[in-house]
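Biologist: I would like to learn how to read a model like this one. Please take me through it feature by feature.

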Amino acid sequence: MMDLGLRGKSVFVAAASKGLGLATALEYAREGAKVMLASRSMEQLVDAQKEIQAATGQQVNIVQMDVTVPEDIVHAIQTVVAQNGGLDVVVTNAGGPHGGGCADMEDADWNQGFELTLMSTIRLIRESLPHLRSSGAGRIVNISSISIKQPIEGLILSNVFRAGVYALTKSLATELAADRILINTIAPGRIATDRILQLDGKRAQAEGIPMEQIQEEALLQIPLGRLGTPEEFGKAAVFLGSFANTYVTGQSLLVDGGMVKSL
């Protein structure tokens, strides 16, 4: 069995009360890390905490945080450092901006997408950096989307700002290398989460066709012929943010069943 070097390490996972954030936090807990979950909803955080503790037997901590509120980010990072005695791994994440094309978006929509998707990542990393440097070899994983490689129709905000997150990853890989901090982006395709159901439902309604048709057509684009599972995604994310990863930085890993065909 590969030792990921995570036992006792302090890990912070944003937007971790459900979906891919929760799946990633669960896998870190399984590796024996000291995990802190952050999310806007305290009720959902408590449920996620109970779920992870029941599945792993590991104690996890929680902190309420809205990624669009800078003061919340400062408080959350200070809390994980105080409770865990430092910070070794940061997983940035946020709910996706709302869908639509360019003609559908006003300035307020662009500003909201910018704050939610790009600025939240910048602020989380910036606030974490002093503590990651102190750890001696920090890890950053940015949860993004396959839209960094192949734009998704009807998700103009996500396409634009997630590409910005990947540009940030590439830039920081060089900037942080001297501090032995590795940073990577993980890009999910169609993973079986509530977010996929929400987007499929919205598209079906807009086009006036059954959601089942949307889903069947989408599966035809995936060589493996199925949706990915949150667990599959979580395991990949945890490797990138582990200490078994010692030489991968500035990269994007697509977890998409082969859906994106670009080189």
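**Reading the model**

Modeller: Ala15 sits in the loop between β1 and α1; helices (H or I, at least four residues) and strands (E, at least two) are DSSP runs, numbered from the N terminus. This is a predicted model, in which local features need pLDDT of at least 70 and side-chain atom pairs count only at pLDDT 80 or more, while totals for chains, interfaces and linings use all residues. Residues are numbered from 1 along each chain as its sequence is written, and side-chain values use heavy atoms, with hydrogens and water left out.

Biologist: Which loop holds Arg180, and what is its phi?

Modeller: Arg180 is in the loop between α5 (156-176) and β6. Its phi is positive, about 60°, although Arg180 is not a glycine. With 55% relative accessibility, Arg180 counts as exposed.

Biologist: How are two packed helices described?

Modeller: By the angle between their axes and the distance between the axes. Here α1 (residues 19-30) and α8 (residues 230-240) pack at an angle of about 60°, and their axes are 8 Å apart. That makes α1 oblique to α8. Axes are lines fitted to C-alpha atoms, for helices over the stretch in contact, and angles run from 0 to 180 degrees between N-to-C directions. Under 35 degrees counts as roughly parallel, over 145 as roughly antiparallel, 65 to 115 as roughly perpendicular and the rest as oblique.

Biologist: Which residues in α1 and α8 meet?

Modeller: From α1, Leu20, Ala23, Thr24, Glu27, Tyr28 and Arg30 meet Pro230, Glu231, Phe233, Gly234, Lys235, Ala237 and Val238 of α8. Contact means heavy atoms within 4.5 Å. In α8, the buried residues are Phe233, Gly234, Ala236, Ala237, Val238 and Leu240. Their cover includes α1, β5, β6 (182-188) and β7 (252-255).

Biologist: How should I read a nonpolar core?

Modeller: In soluble globular proteins, nonpolar side chains tend to be buried together. A nonpolar core is a set of buried Ala, Val, Leu, Ile, Met, Phe, Trp, Tyr and Cys residues joined through side-chain atoms within 4.5 Å. The largest one here has 33 residues, and those with the most contacts inside it are Leu6, Val13, Tyr28, Val35, Leu37, Ile52 and Ile186. α1 gives the most to this core, with six residues.

Biologist: What does Ile52 contact, beyond its neighbours within four places in sequence?

Modeller: Ile52 is in contact with Leu22, Ala25, Leu26, Ala29, Leu37, Gly57 and Val60. Apart from that core lies another, of 27 residues, among them Val63, Val67, Ala76 and Ile77.

Biologist: Is Thr121 buried or exposed?

Modeller: Thr121 is buried, with a relative accessible area of 5%, and lies in α4 (residues 107-135). Not counting residues up to four places away in sequence, Thr121 touches Thr92, Asn142, Val165 and Leu168.

Biologist: Where is Arg203?

Modeller: Arg203 is in α6 (residues 194-207) and counts as partly exposed, at 39% relative accessibility. Its C-alpha atom is separated by 8.5 Å from that of Gly154, 49 residues apart along the chain.

Key: Buried < 20%, exposed > 50% of the residue type's maximum accessible area, 1.4 Å probe, protein only.
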